[in-house]
Amino acid sequence: PDLSRPTWDIPASVGVYNNDGLKTMKRRGVVYALAPSYKDVNTIWAGTDDGFIHITRDGGKNWKNITPASITAWSKISIIDASRFDNNTAYVAVNRIRCDDMHPHIYKTNDGGNNWKEIVNGLPDEPINVVREDAVRKGLLFAGSENAIYVSFDAGENWQSLRLNMPATSIRDLVIKDDDLVVGTHGRSFWVLDNITPLRQVKEKYVDAKLTPPEIEPEI
């Protein structure tokens, strides 16, 4: 079925373009993010560019709307990352610049979308485009904003910069390939952080012991 919003409110950021035609235009939202489960072939998470999140447990025959109440119309679900370790866990990056909201928004659920928690502690006020979970170390997350890259060692409870020598640029996607973190920017370049094994060890050494990890200075 059509998973986009059937109706919507017009945000103040639309300004002079708010007119009757805008209020009555046809549905034009699209499925912008899709995340098949790594644990169950029938579970798929879907997000639209007009602020809806759905989940199916039967391979797409039926869908359930699991959108957090705080995600309004005109929000863009830019990335959904299904957990590598738990079928009920997913991470969602939400970009709300069209609503004149320049704050970071990352959501996490551990129960299939029944409850959500926003996990942005330590992130600066800048929109987030992508969040990815490491395939090896549970709880190790990476996020990309309109300016830089960030890392969390405790499943998003706390974040710190992983920018290193990268220039300020819009990060649109992240891929973890074996031991490397590959960064796709909004432009004609990509960056690679070779061998993230030390980051996986930091989580084990510090976070599991309930300690604050130190600043990280690996080489690119």
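Tutor: A contact means heavy atoms within 4.5 Å. The model is predicted, so local features need pLDDT of at least 70, side-chain atom pairs count only at pLDDT 80 or more, and totals for chains, interfaces and linings use all residues. Residues are numbered from 1 along each chain as its sequence is written, and side-chain values use heavy atoms, with hydrogens and water left out.

Student: Which residues does Asn195 touch, not counting residues up to four places away in sequence?

Tutor: Asn195 lies in the loop between strand S15 (190–193) and helix H2 (197–207); helices (H or I, at least four residues) and strands (E, at least two) are DSSP runs, numbered from the N terminus. Its C-alpha is 7.7 Å from that of Leu181, 14 residues away in sequence. With neighbours up to four places away set aside, the residues touched by Asn195 are Asp179 and Asp180.

Student: Is Asn195 buried, partly exposed or exposed?

Tutor: Buried means under 20% relative accessible area, exposed over 50%, and partly exposed in between (1.4 Å probe, protein chains only). Because its relative accessibility is 42%, Asn195 counts as partly exposed.

Student: Over the ring of which residue does the charged end of Arg84 sit?

Tutor: A charge sits over a ring if NZ of Lys or CZ of Arg is within 6 Å of the ring centre and within 35 degrees of the ring normal. The charged end of Arg84 is 4.0 Å from the centre of the ring in question, that of Tyr38.

Student: What percentage of the 220 residues in the protein chain is buried?

Tutor: The chain holds 2 helices and 15 strands. Of its 220 residues, the buried share is 48%.
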